[in-house]
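Please go through the assignments made for this model and state the criterion behind each one.

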Amino acid sequence: TFTVIAAFPAVGKSALALNVSEYVAKSGIPVAYYSMEMGKEELASRSIAKEMGVPAYVIMNRPLTDEQMTRLVQLKDKWKDLPIYFDDRNTVTFEGVMRSIRNLAKRKGIKLAVIDYLQIFNQTTDDEERGMSYMARACKNIAKEKGIAVIALSQLNRSALHPSLRMLRGSGQIEESADNVVLIDRPEAY
């Protein structure tokens with residue numbers, strides 16, 4: 001299946017996708033996570049921080065207590081054994097992500113690929129509509145071809161107070177290609 005998770009900026013798309021990825025990987029199912037915004041250390045720190053009950057910035061930037069350090073080491077050891085493959089290369093292209101998904105599906109048996117997020121890849125084309133159409137179709141096609149789930153994150157235009165399908169940025173093709181579209185509405189975030 002091809003699922004799109006869409007929301008306004010800074011509402012929690014990445015956090016939700018990371019939680020889903022972590023849950024799937026903890027079930028023993030291999031996952032690939034492609035992020036153009038965060039490095040693998042930051043992504044892992046977010047999940048570990050959640051389990052520790054502290055903000056991620058504390059793990060990344062602050063001295064930890066002895067108790068926190070012990071818990072961090074335990075959780076890091078658990079995390080390194082999870083079948084989750086982070087790709088945080090800022091130089092990767094959308095076509096490179098598609099090749100990587102094919103490769104990881106064949107070599108590692110991934111059953112979920114998360115792309116965080118579509119509009120970043122689309123910045124290299126002059127025609128946003130055409131670029132989004134191409135990427136949405138490619139996500140749907142690779143999901144069918146490899147028999148996997150693909151989750152792509154997408155930003156919404158801020159033309160109203162609450163999200164709706166018509167606010168998907170760049171293309172109606174996203175809605176047409178997706179099997180599911182999840183809209184996140186967190187009014188308290190804005």
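In β6, the bridge partner of isoleucine 5 is valine 182. This is a predicted model, in which local features need pLDDT of at least 70, side-chain atom pairs count only at pLDDT 80 or more, and totals for chains, interfaces and linings use all residues. Residues are numbered from 1 along each chain as its sequence is written, and side-chain values use heavy atoms, with hydrogens and water left out.

Q: Why is strand β1 called mostly covered?
A: Buried means under 20% relative accessible area (1.4 Å probe, protein chains only). In β1 (residues 2–7), 6 of 6 residues are buried. Phe2, Val4 and Ala6 point one way, Thr3, Ile5 and Ala7 the other way, and all are buried.

Q: Which strand pairs with β1 through 6 bridges?
A: That is β5 (residues 149–155), parallel to β1; threonine 3 has isoleucine 151 as its bridge partner there.

Q: Why are β3 and β6 said to stand at the edges?
A: The open sheet of 6 strands has the order β3-β2-β4-β5-β1-β6, with parallel pairing. β3 (84–87) and β6 each have a single partner strand, so one side of each lacks a neighbour in the sheet.

Q: What joins β2 to β4?
A: 5 bridges join β2 (residues 31–35) to β4 (residues 112–116), and the two run parallel. Tyrosine 34 stands opposite isoleucine 115 in β4.

Definitions and conventions: Buried < 20%, exposed > 50% of the residue type's maximum accessible area, 1.4 Å probe, protein only. Helix = DSSP H or I, 4+ residues; strand = E, 2+ residues; numbered from the N terminus. Pairing = 2+ DSSP bridges.
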